[in-house]
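Please look over the notes below with the model open.

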Amino acid sequence: IDRLASEGIRFTHAHVQVANCVPSRNVMQTGRYPHNSGVEGFYQVKADFPILPDLLKKHGYFTAIKGKVSHSTPFHPHPWDLVLSPDRGRGLDRNQEAFATLTQQAIAAGRKAGKPFYLLMNITDPHKPFYGLGKHGEEIDDPNVPSKTYLPEEVPVPGFLPDLPIVRRELAHYYSSVRRADDCVGAILAALQESGEADNTLVMFLSDHGMPFPFAKTSLYHHSTHTPWIVRWPGTTRPNTADSEHMISAVDFMPTVLDA
């Protein structure tokens, strides 16, 4: 992710509209605030307005999605040309090799259709359960090992959390999960590069909300909606730049993609 940032522009003041996943992701794919789309919680609604994959399909794009399918548009079934799924199901939702393979499949499918692609790759990490932890916080053997794991004594503790051993323990697993997400991003970008389409592809990286800890996810504090947002658009964005002047938000995700 650091390398992606060095190749594009990162926005210091980027925010999403909602601090949990379904309504936040729907904002991106509809260009509407939750009270305008009707998706204010974990449910689908009848949409009488255009959504991003529909408009892109209408204008000749091949649309594909990996993960969070029911979270990403207002209604089900969803109008994607391709829904990507690992051969071994959800066990590979946090596996970098699986993300590389699925990215290759999507790009190849778009090429076979003779269309440019819109590819939405949703990485499960760092959603709970974190790396090495079970659903109830117990230590487990996790087959999807990140390229680096962190120890409680070496992790930074956000200022809104108490610096206690139990907090450091969970943060260590959290940051290991972040690292595994970073591995998956690297695998996706490597597959894009190998396809020969990297110089002709706009890449955006962002999260749907803040970290799953008190005073962040599902709350309404700065760290609830603040998101990392990186844009790499070859020939348009300048490498290794940061915008610390403008505030941007996820409600402009859809119109920005359409303008591009």
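1. Which strands does helix 5 lie across? Helix 5 (residues 96-113) lies across strand 2, strand 3 and strand 4, and runs at about 165 degrees to strand 2. Contact means heavy atoms within 4.5 Å; axes are lines fitted to C-alpha atoms, for helices over the stretch in contact, with angles from 0 to 180 degrees between N-to-C directions. Helices (H or I, at least four residues) and strands (E, at least two) are DSSP runs, numbered from the N terminus.

2. This is a predicted model: local features need pLDDT of at least 70, side-chain atom pairs count only at pLDDT 80 or more, and totals for chains, interfaces and linings use all residues. Residues are numbered from 1 along each chain as its sequence is written, and side-chain values use heavy atoms, leaving out hydrogens and water.

3. The open sheet has 3 strands in the order 3-2-4, with parallel pairing (two strands pair if DSSP finds at least two bridges between them). Strand 3 (82-84) and strand 4 (117-121) are the edges, each pairing on one side only. In strand 3, L84 is the bridge partner of K66.

4. K66 also forms a salt bridge with D93, with the closest N and O atoms 2.8 Å apart (a side-chain nitrogen of Lys or Arg within 4 Å of a carboxyl oxygen of Asp or Glu). D93 sits in the loop between strand 3 and helix 5, and K66 in strand 2, 27 residues apart. Both are buried (under 20% relative accessible area; exposed is over 50%, partly exposed in between; 1.4 Å probe, protein chains only).

5. In helix 6, D183 and R179 lie 4 residues apart, about one turn. Their salt bridge has its closest N and O atoms 3.9 Å apart.
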